[in-house]
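Student: I would like to learn how to read a structure like this one, feature by feature. Could we look at it together, please?

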Amino acid sequence: QVQLVESGGGLVQPGGSLRLSCAASKSILSINAMGWYRQAPGKQRELVARISKGGRRNYADSVQDRFFISRDTTKNTVYLQMNSLKPEDTAVYYCNWGDEGTYWGQGTQVTVSS
C-alpha cells in the first residue's frame, strides 16, 4: 500500500501563491509519474501537473507558466508551486501516484478569493 498526504492548501487572494506538498510513504524514485489533479464542485477531476520518472513535466493549459511541479526523491515528496492564483483555481487538489497501480491522497482545499 501507498499512502499520500497532501498539505499546504488554504485561502489566498487572487494573485497570491501557495505551495502544496505531497508526502509519500514509499520511495518515488522509480515511479512512472507523480502528479497533481484538482476537482471543483460539480466538475470532473482534471490533471494539473505531472512529472515523470525521467523528470519530464507537463501542465494543463490553464496553469501553464503559473504552476510548477517538482520532487525531492530523498524525502519522497512532490511539490506544486502555484503562483498568480485565480478564483478559477479554487478546488480540492489531489496528489496522484501513477505506476503499476494508481493511488490518491485525500486532497487539500485551495480557495482563491478576495
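Student: Which residues form a disulfide here, and how far apart are their sulfur atoms?

Tutor: In general, a disulfide is a covalent bond between the sulfur atoms of two cysteines. In this predicted model, C22 and C95 form such a bond, with their sulfur atoms 2.0 Å apart, and the count of disulfides comes to 1. The bond links distant parts of the chain, since C22 lies in strand β3 while C95 lies in strand β9 (residues 91-98), 73 residues apart.

Student: What is the handedness of the disulfide of C22 and C95, and why?

Tutor: The torsion about the S-S bond of C22 and C95 is about -80°, and therefore the disulfide is left-handed.

Student: Are C22 and C95 buried or exposed?

Tutor: A residue counts as buried when its relative accessible area is under 20%. C22 has a relative accessibility of 0%, so it is buried, and C95 is buried with a relative accessible area of 0%.

Student: In what order do the strands of the open sheet come?

Tutor: Strands of a sheet pair through backbone hydrogen bonds, either parallel or antiparallel. Here an open sheet of 4 strands has the order β1-β3-β8-β7, and the pairing is antiparallel. Because β1 (4-7) and β7 (67-72) each have a single partner strand, they stand at the edges, and one side of each is left without a neighbour in the sheet. From one strand to the next, the twist averages 15°.

Student: How many bridges join β1 to strand β3, and which residue of β3 is the bridge partner of V5?

Tutor: The antiparallel strands β1 and β3 (residues 18-24) are joined by 4 bridges, and V5 has A23 as its bridge partner in β3.

Key. Residues are numbered from 1 along each chain as its sequence is written. This is a predicted model: local features need pLDDT of at least 70, side-chain atom pairs count only at pLDDT 80 or more; totals for chains, interfaces and linings use all residues. Side-chain values use heavy atoms; hydrogens and water are left out. Two strands pair if DSSP finds at least two bridges between them. Helices (H or I, at least four residues) and strands (E, at least two) are DSSP runs, numbered from the N terminus. Axes are lines fitted to C-alpha atoms, for helices over the stretch in contact, and angles run from 0 to 180 degrees between N-to-C directions. A disulfide is a pair of cysteine sulfur atoms within 2.5 Å. Buried means under 20% relative accessible area, exposed over 50%, partly exposed in between (1.4 Å probe, protein chains only).
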